[in-house]
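This report describes the fold and some local features of a single chain. The sequence and structure are shown first.

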Amino acid sequence: MAEVTIVGAGLAGLVAAVNCAAAGHQVRVLEKFERIGGDPYIRPAVDVTPMDPERLGRFIGVELKPPYVVPTEEFPIYVYGKPHVIPGWQLYLHSVERGPRSTSIDTLLYETALAKGVEFEFGVSMDSQGDFAQLPPDTIVATGLHVEPFLSLKRPYVEVYGFIGKTHYKGPPNIRGFFDRYSRYYNYCANMNGVAFALAFDARPVPTSLRDTWDRQLRQWEGVEFEEWLPHEGVVATKKMSDPCLFAGNKILAGTLAGMQDPFFLFGVQSSLVSGKIAAMAVDDKERAWRLFHAFTSARKYSWLYKKFFDAQPHFVRNLGLRLGFGLYVKQRRLLQPAIDVALKSLPGFGRY
């Protein structure tokens, strides 16, 4: 079989590597950093996403189990200061550790790839159009939130700004969500495996005064303290409704670069795992892969339209709408759960493996 080159050792790149190797290819992964797990500036981190680990694991060919993927116990969400508490299982939420630690999903995928004979080269930067032009056809590009590949491959993007916090934290795996005046997006704080991670982000720089307001809320309401906040910037493929794209010239796209993230919550874990599998399929059968990619992203447009509508609303309208929505869901979950299940199908691949 042919040699396959993969750029990026994140979730999408690692899943693509595992599946390409399983198909009999000789696989070489080029990673920008000196280790797996993404940007050391951000990691370790905790992501939370709706997921069916058993079905998703079968689809990508890797068993997803503790301590790498665990059910999220509770989801307190604060809507302009008013809390609404939702059990994690009602939204199929699962916590995932990201980074280089032994309990991270990155390590699980990396060790699986090594066992299948995948070769890794670390410290390899791909920052220009010329760099990508030199790569062989059918190279899989899975480079995450970094802007250079978007520019080099002429992919549209939206810049996001914010702050991140990391600390040690003991407790069951939870996520706390915050909608408030300090962001047009939303903030979250999640923990698992003894680590807590917080992210405040927006499509424009977040003032430190608003970050400090959220920091006080985390301390007072949830008892989570971060000694240091670090500025963070990145890009996401949510500029256009038509952003999802599996091919760019003779390259195959995966992860954030492929635009599979849902535009509203930007859930990245599930979309990256799914797109890594599809990218690997595209090496041998482009038509089948494209059809699956299209099917998995067909409902994304509804999330994109809702995001545009939500962004246009003033805070008092958001406050009223979110309080009514979450309050009704908490009180009438059995009645509304079918509607929630339908809405979750707008997430790429959710429940369709």
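In which loop is the place of Pro44? Pro44 sits in the loop between β2 (26–31) and β3 (45–50). Helices (H or I, at least four residues) and strands (E, at least two) are DSSP runs, numbered from the N terminus.

The model is predicted: local features need pLDDT of at least 70, side-chain atom pairs count only at pLDDT 80 or more, and totals for chains, interfaces and linings use all residues. Residues are numbered from 1 along each chain as its sequence is written, and side-chain values use heavy atoms, with hydrogens and water left out.

**Confidence and overall form**

The predictor's confidence in each residue, pLDDT, runs from 0 to 100. Its mean over the chain is 91, and 98% of the residues reach 70 or more. Confidence is lowest in helix α11 (residues 333–344), with a mean of 75, and highest in strand β9 (residues 140–141), at 98.

The chain has 11 helices and 16 strands. Its radius of gyration is 19 Å, close to the 20 Å that the globule rule gives for 353 residues, so the chain is as compact as a globular protein of that length. The radius is taken over C-alpha atoms, and the rule is 2.2 Å times the number of residues to the power 0.38. Along its principal axes the C-alpha trace spans about 55 × 40 × 35 Å.

**Helix packing**

Axes are lines fitted to C-alpha atoms, for helices over the stretch in contact, and angles run from 0 to 180 degrees between N-to-C directions.

| Helix pair | Axes come within | Crossing angle |
|---|---|---|
| α2 (residues 53–60) and α7 (residues 269–284) | 9 Å | roughly 25 degrees |
| α1 (residues 11–22) and α7 | 7 Å | roughly 35 degrees |

The contact of α1 with α7 (heavy atoms within 4.5 Å) includes Leu11, Val15 and Cys20 of α1 and Leu273, Gly276 and Ala280 of α7. By class, this contact has 9 nonpolar, 4 polar and 1 charged residues. Ala, Val, Leu, Ile, Met, Phe, Trp, Tyr, Cys and Pro count as nonpolar, Asp, Glu, Lys and Arg as charged, and the others, Gly among them, as polar.

**Backbone features**

The peptide bond from Arg43 to Pro44 is cis, with omega near 0 degrees. Another cis peptide bond joins Pro66 and Pro67, where omega is about 5 degrees; Pro67 lies in the loop between α2 and β4 (69–71). Tyr80, in the loop between β5 (74–79) and β6 (82–87), has phi near 50 degrees, a positive value in a residue other than glycine.
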